[in-house]
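Work through the exercises below with the coordinates open. Each task is followed by a stepwise solution.

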Amino acid sequence: MIAKKEKTTAVLISEADKLFSEIVRREDAYNGYGPEGYINCPICEKNVYWKMADAAHVFDRDNLATRYDELNVWGTCRECNRLDPDHREKFKATIKRIIGECEFECLEERSHSMMKLTRSDLNELIEGFKIKLSKLNRV
C-alpha cells in the first residue's frame, strides 16, 4: 500500500487562504453595508459583487498572527487592493474608524507578534473554514 503524501505547509496555507478569502468576501457581501451579494469597498465605497472582490489585509498577510484574523481582512474592490498605490493608508484609516482606535491598536500589535503554524494547525483551520463555508452555503 502506498502511503498518502502529506501536503506541504505552503500547499496548506494556500488552501486556507482560498477558503478564508471566500468566507470574508461572502460575509461582507451579506452584512448589510451594500446591496445583498455585494461588498461595499471600504476604500472607494464602490459596490462590487463578492465573487469579483478581493479579501484585502489591513496589515500584510506575511504575518501569520493576523493572516486569518477577520478584523484584519475585509472585502474590497480589486482595483483598490491591486492597483491603488495609496490604498494601504486609506484602508487603515477607514478600518480604524470602523473598528475603533483601541481595537485597531490591538490588531496592529498582534500584526507584529510572531506565530508559527504547523501542518496540524493549518489542517484544523482548514476544517473550521470548511464548516463555516458550509453554514454560509445554507443561508
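**Aromatic rings and a helix pair**

One aromatic cluster is formed by F20, Y68 and F129. The model is a predicted one.

**Exercise 1.** Classify the aromatic pair of F20 and Y68, and state which parts of the chain the pair ties together.

Solution.
1. A search of the whole structure gives 6 aromatic pairs.
2. For F20 and Y68, the centres are 5.5 Å apart and the planes stand at 90 degrees. Planes over 60 degrees apart count as edge-to-face, so the pair of F20 and Y68 is edge-to-face.
3. F20 belongs to helix α1, while Y68 sits in the loop between α2 (64-67) and β4 (73-77), so the pair links parts 48 residues apart in sequence.
4. F20 and Y68 are both buried.

**Exercise 2.** Classify the pair of Y49 and W50, then the exposure of each residue.

Solution.
1. The ring centres of Y49 and W50 are 6.3 Å apart with planes at 50 degrees, so this pair is tilted.
2. Y49 has 33% relative accessibility and is therefore partly exposed.
3. W50, at 8% relative accessible area, is buried.

**Exercise 3.** Describe how helix α1 packs against helix α6.

Solution.
1. The axes of α1 (residues 9-29) and α6 (residues 119-137) come within 9 Å and cross at roughly 25 degrees.
2. Angles under 35 degrees count as roughly parallel, so α1 is roughly parallel to α6.
3. The crossing of α1 past α6 is left-handed.
4. Contact residues include L12, A16, L19 and F20 of α1 and L122, I126, F129 and L133 of α6.
5. By class, this contact has 11 nonpolar, 3 polar and 7 charged residues.

Methods:
Residues are numbered from 1 along each chain as its sequence is written. This is a predicted model: local features need pLDDT of at least 70, side-chain atom pairs count only at pLDDT 80 or more; totals for chains, interfaces and linings use all residues. Side-chain values use heavy atoms; hydrogens and water are left out. Axes are lines fitted to C-alpha atoms, for helices over the stretch in contact, and angles run from 0 to 180 degrees between N-to-C directions. Helices (H or I, at least four residues) and strands (E, at least two) are DSSP runs, numbered from the N terminus. Angles under 35 degrees count as roughly parallel, over 145 as roughly antiparallel, 65 to 115 as roughly perpendicular and the rest as oblique. A crossing is left-handed if the near helix is turned anticlockwise from the far one by less than a right angle, and right-handed if clockwise. Contact means heavy atoms within 4.5 Å. Ala, Val, Leu, Ile, Met, Phe, Trp, Tyr, Cys and Pro count as nonpolar, Asp, Glu, Lys and Arg as charged, and the others, Gly among them, as polar. Rings of Phe, Tyr and Trp (its six-membered ring) pair if their centres lie within 6.5 Å; planes under 30 degrees apart count as stacked, over 60 as edge-to-face and the rest as tilted. Buried means under 20% relative accessible area, exposed over 50%, partly exposed in between (1.4 Å probe, protein chains only).
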